[in-house]
Amino acid sequence: MAIEEEQSILFAERPEWADVTPLAQYENINPVAPIFYTNEYKDAADYFRGIVNAGEMSPRVLELTEKIIRMNPAHYSAWQYRYKTLMALKSPLDVELHLMDEIAVKYLKTYQVWHHRRLIVTQTRNPGPELAFIAKSLQADTKNYHTWSYRQWILAYFNDDELWDAELPFVEEMLENDLRNNSAWHHRFFVVFQAGVRKGDEDRDEVIRRELGFVKQSISVAPNNASAWNYLRGILDHNGTPYSDLQTFVNPYSVPHTLEETAEGVVDLENPLPSKESHLPAVAAIEFMADIYEKEGGDSLMKATELWKSLANEHDTIRKKYWEYRIREACQKVTT
Amino acid sequence: MADSQLLIPLHVSYIKSLGESKDDLAYHMTAHLRMNAIYWGLTALCIMGHKDALDRAEMIDFVMSCWDDEAGAFGAHPDHDAHILSTLSAIQILVTHDALDKVDVDRVAKFILSLQQPSGVFAGDSWGEIDTRFSYIAVNALSLLGRLSELDVEKTVAYFRQCRNFDGGFGATAGAESHSAQVFVCVAALAILDRLDEVDSDALGWWLCERQLPNGGLNGRPEKLEDVCYSFWVLSSLSILNKITWIDAEKLTKFILSAQDPEQGGIADRPGDMVDVFHTQFGVAALSLLGYPGLVDLDPVYCMPADIIERMGLRKGWKALDRRSV
């Protein structure tokens with residue numbers, strides 16, 4: 001009999017399941033939320049309850065829980081019991097992961113799929129293939145929150161230098177595919193600044209220079225990318241670098257395109273200019289310049305206020321109330 | 001026009017109809033969410049001023065039928081194992097219906113506290129999935145049960161601190177990306193614990209108001225799509241930080257209203273999509289915080305009717321927009 005045909009037959013109709021007593025859903029009261037089932041799901045769920053009640057942990061339980069999970073990947077009791085059964089049977093976990101590879105791709109957005117992998121890999125202690133799997137599933141869904149946080153967990157949990165070393169190239173590839181992938185930018189910060197100091201990166205000044213170079217390049221290509229600007233601020237905040245250090249770089253982004261940009265001349269690698277096709281001024285650049293002026297204080301507060309006014313009234317009107325708040329705050333600083 | 005008015009009678013009948021759903025497959029597939037769904041439906045009804053649209057006694061009976069006596073907490077559906085998610089929803093439903101006396105508070109508090117991990121985060125159940133959502137749930141539930149004093153606050157707060165990112169936002173687990181929903185759970189939990197000092201209010205407030213897109217809707221993180229439920233996660237966080245005015249209220253209101261189904265009622269994640277009770281609840285909740293006329297006040301920290309939380313002495317220093325008369 002073909003496998004597909006076998007799987008469409010109800011458990012109730014299979015002689016090898018005759019020894020199990022299926023338990024129907026609790027229906028003693030008239031609930032506010034009555035349940036109607038399809039036969040197939042009801043059948044599997046009834047037999048699942050029967051198995052759990054009997055405390056059985058056998059290979060056929062794996063078949064049953066797989067069936068339930070495929071119909072309802074959020075059924076966390078089925079996942080839980082499956083894991084317990086795998087442990088009781090000492091099942092080959094690489095086989096389990098391989099099966100999960102297929103299910104995960106179909107059901108990327110459920111928490112359970114990822115937690116199950118976490119439990120398994122905690123047993124196998126073999127994180128390398130997991131990172132490869134994560135990379136593959138990110139191709140289908142580049143910003144999947146569970147997938148990225150699973151990757152962060154693996155790196156932190158196993159804390160293996162070889163794994164960490166491969167991360168920067170991985171993140172760069174993801175950013176090359178989509179410069180606006182906020183998850184990738186976040187991951188970059190996590191890898192570079194929140195994972196301790198690894199071999200080769202001991203010169204922190206060099207690391208900061210490298211990261212600033214990278215983010216400036218990205219901004220020049222896509223000046224209206226919020227993630228890149230957040231990353232820039234993150235680097236500066238984390239390392240206590242004053243925003244004013246970036247003034248020369250940021251300034252051209254805070255005004256409309258100028259003739260100077262198009263003039264031939266020496267390319268300043270430290271201060272890449274906005275790409276010609278980009279829309280200027282970039283709101284984030286205006287904000288950045290305003291922050292610099294605000295920090296300078298004194299007469300510069302007027303300059304900051306002018307920029308905030310331009311944001312409130314022209315460039316970022318949806319956040320008018322926020323920009324008016326910044327103006328008020330600055331005025332208070334002047335008067336006190 | 002769907003985007004000019006909140007169609008309250010339609011939404012009320014939509015929620016009432018959920019108990020009579022003929023859509024078999026979708027309905028049974030969400031059994032694991034049933035307790036949550038009832039809480040969402042009930043809270044939305046309360047905010048729309050129609051608390052009695054669903055039968056109180058039936059609802060309480062259902063909640064109690066989900067009691068998992070082995071674990072000492074509530075499952076999502078009769079004979080589902082207890083989980084922290086359904087336990088909070090059960091408590092919230094009972095509190096809303098003034099029936100908390102039916103709960104074995106000792107056992108539930110014990111269940112919740114037993115889920116705290118060495119790192120300070122809470123698991124959802126014995127399966128061990130961890131998430132700052134569960135930490136919020138634990139704090140919220142213990143607070144409603146009057147057992148917050150039994151919580152190791154420092155330990156709990158320490159994990160939130162670990163989840164704070166370079167952009168001022170919070171993630172689901174240590175090292176995870178900032179996300180509006182995770183920001184809400186961390187900020188609301190810290191509010192209950194009187195530890196908003198852990199939040200960089202200016203930076204986070206700015207990050208939150210940056211979630212608003214030109215169409216007026218809010219997203220969960222930079223460069224992602226708008227979704228009605230983020231209206232609540234973002235708005236409630238801002239109201240807790242006393243910065244709710246930083247959102248363009250008129251545009252957001254229009255966006256939420258345009259996601260209504262003018263025929264069968266209910267609200268979807270964005271205009272044109274299928275409605276569900278989750279987005280209906282969070283759309284209505286957001287409108288309440290925005291001061292939409294005719295709605296009941298919502299407490300953004302607990303996501304429950306404000307007067308109930310106030311009567312329990314649990315109100316924190318949040319600020320919503322004033323209720324408009326028209």
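How many residues of chain A are in contact with chain B, and how many of chain B with chain A? The contact involves 52 residues of chain A and 57 residues of chain B. This is a predicted model.

**Interface of chain A and chain B**

- Between them, chain A and chain B bury about 5,100 Å², and carbon and sulfur atoms account for 58% of that area.
- The rule finds one salt bridge across the interface of chain A and chain B.
- A salt bridge joins the side chains of B:E210 and A:R319, with an N to O distance of 3.4 Å.

- Helix α10 of chain A covers residues 167-177 and helix α11 of chain A covers residues 182-193; their axes come within 9 Å and cross at roughly 165°.
- Because angles over 145 degrees count as roughly antiparallel, α10(A) is roughly antiparallel to α11(A).
- The crossing in which α10(A) passes α11(A) is left-handed.
- On the α10(A) side the contact is made by A:E167, A:L168, A:V171, A:E172, A:M174 and A:L175, and on the α11(A) side by A:A184, A:W185, A:H187, A:R188, A:V191 and A:V192.
- Sorted by class, the residues in the contact of α10(A) with α11(A) are eight nonpolar, one polar and three charged.
- Helix α11(A) also packs with helix α12 of chain A, residues 204-221; here the angle is about 170° and the axes are 12 Å apart.
- The helices α11(A) and α12(A) are therefore roughly antiparallel to each other.
- From α11(A), the residues A:W185, A:R188, A:V192 and A:F193 take part in this second contact; they meet A:R204, A:V207, A:I208, A:R210, A:E211, A:F214, A:V215 and A:S218 of α12(A).
- The contact of α11(A) with α12(A) has seven nonpolar, one polar and four charged residues.

**Helices α6 and α7 of chain B**

- In chain B, helix α6 (residues 105-114) packs with helix α7 (residues 132-145) at an angle of about 160°, and the axes of the two helices are 10 Å apart.
- At that angle α6(B) is roughly antiparallel to α7(B).
- The two helices α6(B) and α7(B) have a left-handed crossing.
- The α6(B) residues B:V105, B:V108, B:A109, B:I112 and B:L113 meet B:A138, B:A141, B:L142 and B:L145 of α7(B).
- This contact of α6(B) with α7(B) has nine nonpolar residues, with no polar and no charged ones.

**Salt bridges**

- Over all chains, the structure holds 48 salt bridges.
- One of them links the side chains of B:E198 and B:R164, at 3.3 Å from N to O.
- B:E198 lies in the loop between α9 (180-192) and α10 (201-209) of chain B, while B:R164 lies in the loop between α8 (153-162) and α9 of chain B, so the pair ties together parts that are 34 residues apart in sequence.

**Backbone details in chain A**

- The peptide bond that joins A:L280 and A:P281 is cis, with omega about -5°.
- A:P281 is located in the loop between α15 (259-262) and α16 (283-296) of chain A.
- A:K90 is not a glycine, yet it has a positive phi of about 50°.
- The loop that holds A:K90 is the one between α4 (76-89) and α5 (93-106) of chain A.

How values were computed
Residues numbered from 1 in each chain as written. Chains lettered and ligands numbered in written order. Predicted model: local features only at pLDDT ≥ 70, side-chain atom pairs only at ≥ 80, totals over all residues. Heavy atoms only, no water. Axes fitted to C-alpha atoms, helices over the stretch in contact; angles between N-to-C directions. Helix = DSSP H or I, 4+ residues; strand = E, 2+ residues; numbered from the N terminus. Parallel < 35°, antiparallel > 145°, perpendicular 65-115°, else oblique. Left-handed = near helix turned anticlockwise from the far one by under 90°. Contact = heavy atoms within 4.5 Å. Nonpolar A, V, L, I, M, F, W, Y, C, P; charged D, E, K, R; others polar. Buried area = accessible area lost by both parts, 1.4 Å probe. Salt bridge = Lys/Arg side-chain N within 4 Å of Asp/Glu carboxyl O.
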